[in-house]
Amino acid sequence: LGDQMTFKQLILQVRETVIEADENQNFPIEIILQKLLIPYSKEDDFPLFDVVILLENIQDKRYIEYIKPSVLFSFSETGEFLKGMVIYNSLLYRKNTVERIADHFTRLLEKALFNVDSQLMDIDILSREESQQLLYDLNETGGEYPENKTIQELFLLQVEKSPWNAAVIHGENHLTYSDLNEKSDR
């Protein structure tokens, strides 16, 4: 997805992908697995697809019966309405997680269809409660500090308490409290 991509551009891109995929829809999946040297038997979980989207009015459900996805999003058109259903593996997902995914998807559609020229990065899929939790509640970093100690003294206490814990992490590099203390003394 591009930084400035709009919802309309995304839909057109997905449409092109689906048209291209439709040209190869009758290619047997077993041959793909053989060519990719992926071992597979009908008793195993299907090795390529974990999430499946099914358009019931267009696609036949019997073609995916052997796939056993972790999540199946199934849509059907009834008159002027689009009805959706989510079937999921309860060993991998909790009910509230799947409900949250469905709520985010619904919120995305509501906002994007209201203005198809909205940039994807500007479409907020979070509820007010989720935004509050992520932006404020989880980022509450205020704390009480002893007024009679300097930052240097607090740092030395931490060095004594956990010298081998990571004090600074940048990419793959990290310094323990002991290492940082030694470097700062130089």
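Me: Where is threonine 6?
Reply: Threonine 6 sits in the segment before helix H1 (7–23). Helices (H or I, at least four residues) and strands (E, at least two) are DSSP runs, numbered from the N terminus. The model is a predicted one: local features need pLDDT of at least 70, side-chain atom pairs count only at pLDDT 80 or more, and totals for chains, interfaces and linings use all residues. Residues are numbered from 1 along each chain as its sequence is written, and side-chain values use heavy atoms, with hydrogens and water left out.

Me: Is threonine 6 buried or exposed?
Reply: Threonine 6 counts as buried, because its relative accessibility is 13%. Buried means under 20% relative accessible area, exposed over 50%, and partly exposed in between (1.4 Å probe, protein chains only).

Me: What is threonine 6 in contact with, leaving aside neighbours within four places in sequence?
Reply: Val116, Asp117, Ser118, Gln119 and Leu120. Contact means heavy atoms within 4.5 Å.

Me: Switching to sheets. What is the order of the three strands in the open sheet?
Reply: The order is E1-E2-E3, with mixed pairing. Strand E1 (51–55) and strand E3 (81–88) stand at the edges with a single partner strand each, so one side of each has no neighbour in the sheet. Two strands pair if DSSP finds at least two bridges between them.

Me: How many bridges join E1 to E2?
Reply: Five bridges join E1 to strand E2 (residues 71–78), and these two run parallel. In that pair, leucine 54 stands opposite serine 74 in E2.

Me: And what's in the loop between E1 and E2?
Reply: Isoleucine 58 is one of the residues found there. Isoleucine 58 counts as exposed because its relative accessibility is 70%. From isoleucine 58 to glutamate 77 is 19 residues in sequence and 9.5 Å in space, C-alpha to C-alpha.

Me: Which way do E4 and E5 run, parallel or antiparallel?
Reply: Antiparallel: strand E4 (residues 166–170) is joined to strand E5 (residues 173–176) by four bridges. Valine 168 faces leucine 175 in E5 as its opposite residue. E4 and E5 make a hairpin, with two residues between them. Glycine 171, in the turn, has a positive phi of about 60 degrees.

Me: New topic. How many salt bridges does the structure hold?
Reply: Four. A salt bridge is a side-chain nitrogen of Lys or Arg within 4 Å of a carboxyl oxygen of Asp or Glu. One of them joins lysine 95 and glutamate 99, at 3.9 Å, N to O.

Me: How far apart are lysine 95 and glutamate 99 along helix H3?
Reply: About one helical turn, because they are four residues apart in helix H3 (residues 95–114). Lysine 95 is exposed at 56%, while glutamate 99 is partly exposed at 40%.

Me: Which residue forms a salt bridge with arginine 100?
Reply: Glutamate 130, with the closest N and O atoms 3.9 Å apart. Arginine 100 lies in helix H3 and glutamate 130 in helix H4, so the pair ties together parts that are 30 residues apart in sequence.

Me: Is glutamate 130 buried or exposed?
Reply: Glutamate 130 is buried, at 15% relative accessible area. Arginine 100 is partly exposed, at 39%.

Me: What about glutamate 182? Which residue forms a salt bridge with it?
Reply: Arginine 186, with the closest N and O atoms 3.1 Å apart. Glutamate 182 is partly exposed at 45%, and arginine 186 counts as exposed at 71%.
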